[in-house]
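Me: Please walk me through this structure in questions and answers. Keep it brisk.
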Amino acid sequence: MTVRAFTPPLAAPRTGRHPRRGPLGRWAARAGTLLTCLAALTAILTITAPTRANAHPLSTTAILLDVAPEQVTGTVELPIDRLAIALDEPLTAKTVVQPARLEELRRYVLSHTSAADPDGTRWTTTVSGGRVENIDGVDHLVFSLVLRPPTGTVHDFRLTYDAIVHHLLSHQILVSLRPDGSDGYTTVGVLDWQQHTISVPAAGASTEHGFAAAVHLGIRHIAEGADHLLFLIMLLLPAPLLARRGRWVRADDLRRNCLRVVHVVTAFAVGHSITLALAALGYISAPTRVVESLIALSILVSGIHALRPLVPGGEAWIAAGFGLMHGLAFATLLGGLDLGRGSLVAGLLGFNLGIELTQLMVVALLMPSLLLLSRTRIYPAARRTVAAIGIVLAAAWLAERTTLLPNNPLNHVSDALIAHPFLVAGALAAVAAVGWSVPGLRTART
Amino acid sequence: MQEVTEVNLNTDGASAGGANTAAVVKAVKEFLATLDDTKRDKVEYDFSDNKARQTWSNFPATTVPREGIEMSDLTTAQQKAADAVLQVALSPSGAQEDADIREADNKLNSLGGQGADGFGSLKDYYFAVYGTPSTTQPFMVQFGGHHLARNLTYNGDKVSQTPQFVGSEPTSFKSGGTTVEPVKAESTAMFGMLAGLDATQKKAAEITSGTFDDLVMGPGKDSGVFPTSEGLLVSELTAAQKKLVIAAIRTYVGDLASTAADKLTAKYESELDKTRIGWSNNAGPTDENSYIRIDGPSVWIEFINTRSQSTPDIHYHSVYRDKTNDYGSSTPK
């Protein structure tokens, strides 16, 4: 097993207390923090991602195929003790590599391996090498495999293989594929006593499928997770405002408002990415009930913050802090995704991308309305109403998740809201448009 | 990780009937009523979700991810309601076997070693409901984890309890001063059946088409295609030997609540003369790769002493299938 070297993220040397920073300096510092977090995350993923992607269940054969433009290369890993049963010979790690025996075994594997075009045109097949490798604690005989199409261009093909399984009928052969340019293997199928032939998609559609599935899962989780959506909305509510002496007041600086939205969304993303990665890699875990309760609490707190500023300008910090909790919740979901060890990083990135995309969509749907509304006299009332709804829903969740309440009577309300996201966004837009177009309601520009 | 490939489950077979469907419907509804919408969403599937219905295994869920909700995600009260469903659907010995197999997973987990992480009696055990519990429409209760799979499909008074997987690693262990042997009944009866044969019969019963280190019709083998029948015809056995075959079948079928189990055993008994028994590799109860099979027109049972990853001893894998009624396919909708 090789461990990839990594360079630790560069940290700026601390030189005593900084003088009071200007806005640019503060922004730069935050960007620096963000970059450091991302670099640390990348480093964690890099060193912990398993480099050996082909761990397979005990006693099975693994065929690992690497697709190149002109040929398919790969390895066949045969568990030696199973080979011994199938051939009814007392094979050991020592005896299999004796030259004469190895040549015999190489011919045996070759005679049980073939590849062909879908129309039956045979490819040339070569089996070479032969070394003993300990994989998952079991000695395997490993041969190199080369499959060459007669046309010289690799395309989809059919692989036929029945070494060991022709006699050891309960044996299984896992066939995995690494498409050209990809760094992970994906299982394309299992050969057994019934099925000795498998179609191999040379393009490795399944890897992309795995990534796409992860993106999709991330999208669905946010889109269907009323709690995560509500949390985001609560944080966005005060974004067009400024905290002044414990109250929210209007802020007409559009650039600043947009920046605050970016801060909130980014901080949340950084927070949940950290815990999601740590949990997915198995470093941390927390009881579901606790995590779910904390998420309900996060909505409650941010709802109250939307009513009256708890931490002036602190949405980003609230978002980052509670993002950590939400990451733990995402991790349980990620477990449901079919992530091979090799595709963990791709899965994590895909899943995260899905979450971010959906967040951005929510922002894009709601923020223009909120910005417009914030310039009308109805905004304080609208903001308080939405915040109050959030607080009530969050309180009900919290009660249910801490088992104070056996059943949540408000579940159907939140379900109905997330079932019709465009209706909700449309209604908000309509209110904003009406507020803006009625002259008496529009606030004068400062 | 392995993925389950969906197979069409409609094989148009037959069930012997006698199911206690109303009692199971009541218990399932009571269980579902304890869940909030989020959890119900995890538990409930369409009856037609064949791929999910076929997702069971003898590997831990870390290798083959299961459908449904993990028992550890349920509150104590919800777990009790889930266990109650199985207690109603299964016989006392069937329910006890489930509890013992789950405890064996705790034991295996405590032994540590390769492949023994992340499971136990609550972790890695999943509960799923397919379709709406009803006394007239088909629905299925799926429960299992590492070394256990219960797929109970009801349709009116008809029931299918297959595919059914039981296994145990270790095969025997101490718990609170008593010895627990989750799959002992099956092991004793299957090896007893084999030991009851004389030398000539035993030779005739040997399976020679190949050899085995695990089950051939285990998880993922839902094509409905079974190996060519091999072994000794039960019609050539004495009455006493036939009784041993019935006793062995009964240790599997008898996991189900009694009336349905009785009717089903009677059905298999009526097919007994067309049923074959076979063995391969070894015939000793503790030998590695001892493999025993019962293969009838409907019944299919395999038992093997497969090797262990975590202990030097063998461990048990066993599957029971009904060739004509797996997943309750007798009355497709």
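This is a predicted model: local features need pLDDT of at least 70, side-chain atom pairs count only at pLDDT 80 or more; totals for chains, interfaces and linings use all residues.

Me: Which residues of helix 2 of chain A are buried?
Reply: Helix 2 of chain A covers residues 80–87. Buried here means under 20% relative accessible area. The buried residues are Ile80(A), Arg82(A), Leu83(A), Ala84(A) and Ala86(A).

Me: What do those buried residues of helix 2 of chain A pack against, and which element of chain B is included?
Reply: Within chain A they pack against strand 2 (72–79), helix 3 (99–111), strand 4 (124–135) and strand 5 (138–148). Chain B contributes as well, through strand 13 (299–307).

Me: In what order do the six strands of the open sheet in chain A run, and which strands stand at the edges?
Reply: The order is 4-5-2-1-7-8, and the pairing is mixed. Neighbouring strands are turned by 20° against each other on average, direction ignored.

Me: How many bridges join strand 4 of chain A to strand 5 of chain A, and which residue stands opposite Glu133(A)?
Reply: Strand 4 and strand 5 of chain A pair in the antiparallel sense, over ten bridges.

Me: What angle does helix 2 of chain A make with strand 2 of chain A, and what angle does helix 3 of chain A make with strand 4 of chain A?
Reply: Helix 2 of chain A packs on the sheet and touches strand 2, strand 4 and strand 5 of chain A. Its direction makes about 75° with that of strand 2 of chain A. Helix 3 of chain A lies across strand 2, strand 4 and strand 5 of chain A. Against strand 4 of chain A, helix 3 of chain A runs at about 120°.

Me: Why do the buried residues of helix 3 of chain A line one face?
Reply: Leu102(A), Leu105(A), Tyr108(A) and Val109(A) are buried. On the other side of the helix, Pro99(A), Ala100(A), Arg107(A) and Ser111(A) are exposed. An α-helix has 3.6 residues a turn, so residues three or four places apart point the same way. Seen down the axis of helix 3 of chain A, the buried residues line one face because they fall within an arc of 120°.

Me: Which residues of strand 6 of chain A form its covered face, and which its uncovered one?
Reply: In a regular strand the side chains alternate between the two faces of the sheet. The covered face of strand 6 of chain A holds Phe157(A), Leu159(A) and Tyr161(A). The uncovered face holds Arg158(A) and Thr160(A).

Me: Which residues are the bridge partners of Arg158(A)?
Reply: Strand 3 of chain A and strand 6 of chain A run antiparallel, joined by four bridges. Strand 6 of chain A also pairs with strand 9 (residues 197–200) of chain A, in the antiparallel sense and over four bridges. Arg158(A) is the bridge partner of Ala116(A). In strand 9 of chain A, the partner of Arg158(A) is Ser199(A).

Notes:
Residues are numbered from 1 along each chain as its sequence is written. Chains are lettered from A and ligands numbered from 1 in the order in which they are written. Side-chain values use heavy atoms; hydrogens and water are left out. Buried means under 20% relative accessible area, exposed over 50%, partly exposed in between (1.4 Å probe, protein chains only). Helices (H or I, at least four residues) and strands (E, at least two) are DSSP runs, numbered from the N terminus. Contact means heavy atoms within 4.5 Å. The arc is that of the directions from the helix axis to the C-beta atoms. Two strands pair if DSSP finds at least two bridges between them. Axes are lines fitted to C-alpha atoms, for helices over the stretch in contact, and angles run from 0 to 180 degrees between N-to-C directions.
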